[in-house]
Amino acid sequence: MTDTSTPDSSVSEAQETDSPEAAPEETKKSESVASDSELFRQSEIAADYVEGLLDILDYDGDIDELVSAGRPMVEVVGGRLQALVGQRGATLEAMQELTRLAIFRATGTPSRLLLDIGGYRANRRKELAAVARNAVEKVKEHGDAVRLEPMSAFERKCVHDVVNAITGVESESEGVEPNRRIVVRPVD
């Protein structure tokens with residue numbers, strides 16, 4: 001495993017637990033926002049869990065753990081990983097949820113871990129940006145709302161981010177999982 005993010009987190013974790021009389025505002029802050037060392041610890045737990053899964057499944061891959069944009073992340077890179085992504089990322093999503101459960105079991109805290117395998121999420125982000133820009137063009141050209149195909153929460157977030165950065169249009173999600181989709185419409 002390769003550490004690509006923060007320095008040794010065990011020192012800061014020890015300092016946090018050695019002080020039983022933390023200030024009330026510090027306690028409130030730690031309850032609402034995880035520190036980088038806590039996030040990195042989550043990514044380490046996730047990396048160990050994913051490494052165990054890869055061993056069981058007899059897949060080879062390099063695992064990078066990091067913290068990015070306030071989220072723990074684990075990236076698995078290597079050849080022959082497409083089966084771990086699955087059709088439209090379904091297997092990847094399932095592995096991410098299992099890994100989040102492993103983090104919760106180890107820490108007692110829910111995690112917003114983002115798992116990527118074989119660069120699938122980075123590539124999908126680019127594809128979704130193009131889908132979002134295309135929908136915006138149609139809305140601006142015709143003035144009618146455009147409903148996109150159902151998407152996962154990750155995919156919807158990517159589209160919302162692109163649409164929200166463009167003036168004159170807005171987006172919202174409608175429907176119920178697994179058929180939740182985005183509607184792009186002109187701003188009134």
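pLDDT is the predictor's confidence in each residue, on a scale from 0 to 100. This is a predicted model, in which local features need pLDDT of at least 70 and side-chain atom pairs count only at pLDDT 80 or more, while totals for chains, interfaces and linings use all residues. Residues are numbered from 1 along each chain as its sequence is written, and side-chain values use heavy atoms, with hydrogens and water left out.

**Figure 1. The whole chain at a glance.**
Welcome to the overview. The average pLDDT of the chain is 84, and 82% of the residues score at least 70. Residues 1-32 keep a pLDDT under 50, and the model has 28 contacts beyond four places in sequence for them; a contact means heavy atoms within 4.5 Å. The chain holds seven helices and seven strands. Helices (H or I, at least four residues) and strands (E, at least two) are DSSP runs, numbered from the N terminus. Read from the N terminus on, the elements follow the order β-α-α-α-β-β-α-α-β-α-β-α-β-β. Of the 188 residues in the chain, 35% are buried, where buried means under 20% relative accessible area, exposed over 50%, and partly exposed in between (1.4 Å probe, protein chains only). Among contacts with a separation of 6 or more, 60% link residues 24 or more positions apart.

Which residues of α5 are buried? They are Leu-92, Met-95, Gln-96, Thr-99, Arg-100, Ala-102 and Ile-103. These residues cover an arc of only 155° around the axis, so they sit on the same side of α5; the arc is that of the directions from the helix axis to the C-beta atoms. On the face turned away from this buried side are the exposed residues Leu-101 and Arg-105. The cover over the buried residues of α5 includes α3 (36-57), β3 (71-77), α4 (82-85), β4 (114-117) and α6 (120-142). After α5 comes Gly-108, with a positive phi near 80°.

**Figure 2. Ile-103, a buried residue of α5.**
Now look closely at a single side chain. Ile-103 belongs to helix α5 (residues 90-107). With a relative accessibility of 0%, Ile-103 counts as buried. Not counting residues up to four places away in sequence, Ile-103 touches Gln-42, Ile-45, Ala-46, Gly-108, Thr-109, Ser-111 and Leu-113. Ala-46 is 57 residues from Ile-103 in sequence, yet their C-alpha atoms are 6.4 Å apart in space.

**Figure 3. Leu-115 in strand β4.**
This view moves to a strand. Leu-115 is found in β4 and is buried, at a relative accessible area of 0%. Beyond its neighbours within four places in sequence, Leu-115 contacts Val-50, Val-74, Val-76, Leu-92, Met-95, Gln-96, Thr-99 and Arg-121. A separation of 6.0 Å divides the C-alpha atoms of Leu-115 and Glu-75, which are 40 residues apart along the chain.

How many cavities of 30 Å³ or more does a search of the whole structure find? The search finds one. A cavity is a set of points, on a 1 Å grid over the protein atoms alone, where a 1.4 Å probe fits but cannot get out, and lining residues have an atom within 4 Å of a point. The largest cavity has a volume of about 40 Å³; grid points are joined across faces, edges and corners, and a volume is the space filled by probe spheres set on the points. Its lining is made by Arg-88, Gly-89, Leu-92, Glu-93, Tyr-120, Arg-121, Ser-152, Phe-154 and Glu-155. The elements giving two or more residues to this lining are α5, α6 and α7 (153-164).

**Figure 4. Backbone details in three loops.**
Most residues other than glycine have a negative phi, and most peptide bonds are trans. Ala-69 has a positive phi near 55°; Ala-69 sits in the loop between β2 (62-68) and β3, and is exposed at 76% relative accessibility. Arg-88 also has a positive phi, near 55°. Arg-88 lies in the loop between α4 and α5 and is partly exposed, at 46% relative accessible area. A cis peptide bond, with omega about 5°, joins Glu-177 and Pro-178. Pro-178 is in the loop between β6 (169-174) and β7 (181-186).

Definitions and conventions. 1 Å grid on protein atoms, 1.4 Å probe; cavity = no way out; pocket = protein on both sides within 12 Å on 5 of 7 lines; lining within 4 Å.
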